[in-house]
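Me: I am new to this structure. Could you take me through it one feature at a time?

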Amino acid sequence: MIKLLRSFNKKDYFLILICFILIIFQVFLELKMPDYMSEITKLVQTDGASMNDILTQGAYMLLCAFGSLVSAIIVGYFVSNIAATFSMNTRKKLFNKVESLGMEEIKRFRTSSLITRTTNDITQVQMFIAMGLQLLIKSPITAVWAVTKILNKNIDWSILTAIAVIVLLATIIILMLIVMPRFKIVQKLIDNINDVTRENLNGIRVVRAFNAEEYQENKFESVNTKLTSMQLFNQRAFCVLQPIMYLVMYFLTLAIYFIGAILIKDALMIDKITLFGDMIVFSSYAMQVIMSFLMLAMIFMMLPRANVSAKRINEVLDTKLSIIDGNLTKGIDNIKGEVEFKNVSFKYPDAEEYLLQNISFKASKGETVAFIGSTGSGKSTLINLIPRFYDVTDGEILVDGVNVKEYKEEVLHNKIGYVSQKAVMFNGTVESNIKYGENGKEITDEKMKEAIEVAQAEEFVLKMDKQYDSHIAQGGSNISGGQKQRLSIARAIARDPEIYIFDDSFSALDYKTDATLRKKLKKYTKDATILIVAQRIGTIMNADKIIVLDNGICVGMGTHKELLQNCEVYKEIALSQLSKEELENE
Amino acid sequence: MSNGKANSRRGSMHGPNFEKPKDFKKSLKKLFKNLKVFKIFIFIALILAISSSILSLIAPNKLSDLTDEISEGITVNSKNIEILTNDIKKEISSEEYSERINKILDIKFNEVNIYEMSSDNIQIFNETLFKIKNDEKNTLKYISDLPNEILNQIIKDSIYDGKTIKQEDKITFISSLANNDFNNIPDNIKDILLNDTIIDNIKITSKDKIEYMSILKNVNKDADINTVYGKIDKLPNNIKKVIEPSINMNNIKAIAKFLVILYICSALFNFIQSILMTNVANKFAKKLRSRISIKINKLPLRYFDNNLSGDILSRVTNDVDTIAQSMNQSLATLVSSITLFVGSIIMMFYTNWIMAVTAILSSLIGFIFMFKVLSKSQKYFTARQVELGKLNGHIEEIYSGLNVVKAYNGKKEADKTFDELNKNVYECNRKSQFLSGLMQPMMGFIGNFGYVAVCIVGALLVSNDVITFGIIVAFITYIRLFTNPLSQIAQAMTSLQSTAAASERVFEFLEEKEMEEEQKNKYLNPEDVKGDVEFSHVKFGYNEDIIIKDFTANIKRGEKVAIVGPTGAGKTTMVNLLMKFYNINEGSIKIDGISINDLTRENIHSLFTMVLQDTWVFNGTVKENIIYNNKNISDEEIIKVCKEVGVHHFIKTLPNGYNSIITDGDSISSGQKQLLTIVRGMLDKAPLLILDEATSNVDTRTEELVSKAMDKLTEGRTSFIIAHRLSTIKNADLILVMKDGNIIEQGNHEKLIKENGFYAELYNSQFQK
């Protein structure tokens, strides 16, 4: 938490300082008020006190109240500014950091967790700053100041107040100790309830096909009962808090009055009036003391939650970047579209096993190189090493004759047309999605249309209500998986890259579209190098070079025909997809 | 992710939630109607809340009584002072008094022996006699001025009232009287100088009176109250007893006892009330959740096509939670706040109407101002919610597509949008927070303003003896009781509004049209069904668009039907119709000659084994996942089937074997999940089979296992297979070719290839160069 707050700059500190001073002023005024109150009380008590005196005291008190209001408004203004600025800056910092993270780190954090860190966690901390900052400064000052004001007044009353504070704090602490661990359980049970419901919703067809409605309902009911009883326990425990709080406060006032009565009774006449005034003042200061202790307790209840969020934010901010940008702006002059792997190995930093081991190959300009292998064989990882989503552990990757680590990332990415496994669409239009990003040159409308046509997307884009201007919802939720994939392919084509990378990007297309698309693409991108990861033999059969991966090791390299002859793994894959006759027909 | 979206839409946001219901009244009415079961508890709770509020209204009155009692302890008994003062005054000015002085002094001018005096003294004596003659009032003064020689002659020891009064005492007495210095009067004279008076049954002796006079002699009317009170301490005890303020400890004890009981009762009511409401809220929430869960299984599948599961999820958790929370807090708060508010107004007017008007007017001005601010901040909160939603959407989009953002150098673009949205959120954040932060200090100010106003008007009234001081104290509390509930009412109203919105969504879901109840008289016993399926002239559409027009086919027992077509061609439609997830528009589907319209859905489902592509496992053990809701399946049977499918070895490698917990996450691969669902299907020994064989994300070796398992599954059963493997398709007895939701071709492989239609094209595309 404190670490995060270090991001405050000089201006913030200055504002906090002003707030600090203003809050002291405010506390001063607020604590001054009971004095005037008692003065007014005294005056009202006295027969024949002049109305003018009361008015003056009243005016002073109102002045105090107004001053404290004004200062509270100013403090509120500053604090809301500080909190909002803080959240804006931290969010920006976090966003930038996440943008520069490598895929490996992102995988480690999980995307969904990064999202909550950037949104909810920051809001959490901001709320804490907005509320906590004021309270944190104000309540200790009020408590201490109020205590000093009443400390010398009367020992009996002081002891009473101390007891009240202790009772209250003890109640809160005991309550927290009982409830806090159960809060975590409640959170978990809520997750469970979500899980069971989601399970039922996702598997609704299965549930019905198995006539398992009752089974699901029973399952839900058992979680539901657990959740309800746990929540009931917690909330019942909290029911105690409010009555106890009120009792303590009321009893304190009553006790102060009662003891006051005895004291006044036994006092000399000369002390009586002072005692009476003191009694009224004391009871109001005692309330202030109790209130400020309650506030402090509240901060400490809020703190753990904000702290967890702060920790989560810091975790991301403190992550060391594993991928450091190079500074080369271009490759070797007369080499274009060349990708070479030299003894490349890769493993995750903490992993024991290599994901890829000793991979070497070269893809020259205009060649198509395909990668195939079972899930987990490392083909996707391999292809993601080229745009430096991960960095190799050993060996090197050359693009246009230069190690990818030496390129400025932007330059490297401009050479590449990358199509991800999961088609990514952004909120916007078809056009904004196709023309997405920067690659040093502008993508013309003609280019865009051409790309869409090559990607076999024209047919459905033209059918959409505004064609190229049609709206694409966030995540492309308003178009189908196959359509998304085709548009993301078009996006790569529109950039005219030297190197295409297709990371299993044809899976959602049916065989026919797949085949047509590849044919058109080949024709359109004569000179470009194409790297394809695929599951289907049909997709890659015609590649110039097929690399067969098994558990991160290259177990075969060659054309379809060659591999059928000499690579067991490839043959196995091929057989599972095509019948023998069909393969032999080739 | 869908859940995340639902969360970011609302719920997880902080700060007040200003969601507006479509129809506030109707939603609340519905909510209360559903609360009927709990109405006794709610009624009791609300009564308790009201009683507790009323008690806290009485408390300040009693507290003011207490203050009054205590303040009795600091005001002197002015009546007695007056009585005493008047008594003394009267006595001093009376004839009796001067006669008594004369008698005490017993001055004998005629006994002066002139010859024993010096000539000076004679002259002085004569002058004095002359003065006395002219100015009888000051006789004593003139006498006291006489030289001792003369005094000794005219004043002698004498006896007054049986007591001897010495000469020197008399002389001191004279000089004291002359100098108005009562303190110096000799004690024996003090005792006899004045009459005793009895005030409040206490005898005030002459000496007491004289001391009283001597102490208060120099105090004038405008003297500082402290000086006066200081003097009082020096008074003789008997007088102190009469005029000193007295605290009636018995009264105070009685009031304190009453207050203690009152506070405890109020706290107890409050406690019982909140326990009751907590119970009701949680039990109601539980009931709502159960109802939603049951409802899910009663809705037609059509509903789920049009509604996101994230939305339904958020109804189960967020919405129900909102309702429970506001039931728990807002309802009682609202009732007790209103009671307090109305009650404090009544009490104020009952106590004193001028003060009441003062209190209400002085806070009203503040409140009008505050509500203006509040409504403005509400605007910014709504705006903030919207902006935050946009920003979160953007963040989600960029983070989940980060590799594309990077590969396309889209960072600048993303940053630009981010900065813009971030800035908007900042503005709304700043403003909404500032304005909502104003609430508390303003409340404080209004309270203080009211305090001063009440005090001033109160003081004015006190000085005119219209009210007592205690009433001011009571009003000081009233003004707090009066101002607090107003803001609480405002808060409760907003929370009620979001409750209404939440309950609107929950009840909207609960009132969604269910599948019609079935009362069918026909029943097919799964064990006796042969498995003939007949489609005749089936017509179907998800909406007005009929996508399956006139489909007829006859499938004999044990035959395989392959359903093929590109992605999104509507292959699952066939599943939906067979399982009666959807009702066909026209025509009929018959199983063993009985129309499925005459069978219950439950019966139909028991006839089919279904293994779908989206492998569905849930959090639970492997065994639970396999058995699911089948009953009477022995462990041996499970192991046998698992061995057959080839998944036994894998399960054994898990840490706890068949009792290992698996999740829908990534604890096991999708291929293994698929195998588990196949095992589940095989244990469900229904005569008909629906199978989706897509294995796109399964590695080759697992795929082979899966294929074998699937072949085993189809043995001897009438099967409908959403086919992806050519071997399945070629061996199928009937191929249904689907496109755009429609069955466009049907027949076996050879027939379709010969027709050279869409199927042939699809088939050949696999081998294109």
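Reply: Start with one pair of residues. B:Glu534 stands opposite B:Asn554 in E6(B). Keep in mind that the model is predicted.

Me: Which strand pairs with E6(B), and in which sense, parallel or antiparallel?

Reply: First the idea. Strands of a sheet pair through backbone hydrogen bonds, either parallel or antiparallel. Now the case here. Strand E5 (residues 533–540) of chain B pairs with E6(B) in the antiparallel sense, over five bridges.

Me: What is the order of the strands in the open sheet of chain B?

Reply: Four strands make up this open sheet, in the order E6-E5-E8-E9, and the pairing is antiparallel. Its edges are strand E6 (548–555) and strand E9 (594–595) of chain B, each of which pairs on one side only.

Me: Now a helix. Which residues of helix H13 of chain A are buried?

Reply: The general idea comes first. An α-helix has 3.6 residues a turn, so residues three or four places apart point the same way. In helix H13 (residues 445–454) of chain A, the buried residues are A:Met448, A:Ala451, A:Ile452 and A:Val454.

Me: Why do the buried residues of H13(A) line one face of the helix?

Reply: Look down the axis of H13(A). The buried residues fall within an arc of 165°, so they line one face.

Me: Which exposed residues does the face turned away from the buried side of H13(A) carry?

Reply: That face carries A:Asp445 and A:Glu446. Just after H13(A), look at the backbone too: A:Gln456 takes a positive phi of about 60°.

Me: Let me step back to the whole of chain A. How many helices and strands does chain A have?

Reply: Chain A comes to 20 helices and 12 strands. Of its 586 residues, 49% count as buried.

Me: What radius of gyration does chain A have?

Reply: Chain A has 36 Å, whereas a compact globule of 586 residues would have a value near 25 Å. Along its principal axes, the C-alpha trace of chain A spans about 120 × 60 × 50 Å.

Me: Into which domains is chain A divided?

Reply: There is domain 1 (2–317) and domain 2 (339–585). The C-alpha centres of these two domains of chain A lie 55 Å apart.

Key
Residues numbered from 1 in each chain as written. Chains lettered and ligands numbered in written order. Predicted model: local features only at pLDDT ≥ 70, side-chain atom pairs only at ≥ 80, totals over all residues. Pairing = 2+ DSSP bridges. Helix = DSSP H or I, 4+ residues; strand = E, 2+ residues; numbered from the N terminus. Rg over C-alpha atoms; globule rule 2.2 N^0.38 Å. Buried ≥ 20, exposed ≤ 12 C-beta atoms within 10 Å, placed from the backbone. Domains from an automatic or database assignment. Arc of directions from axis to C-beta.
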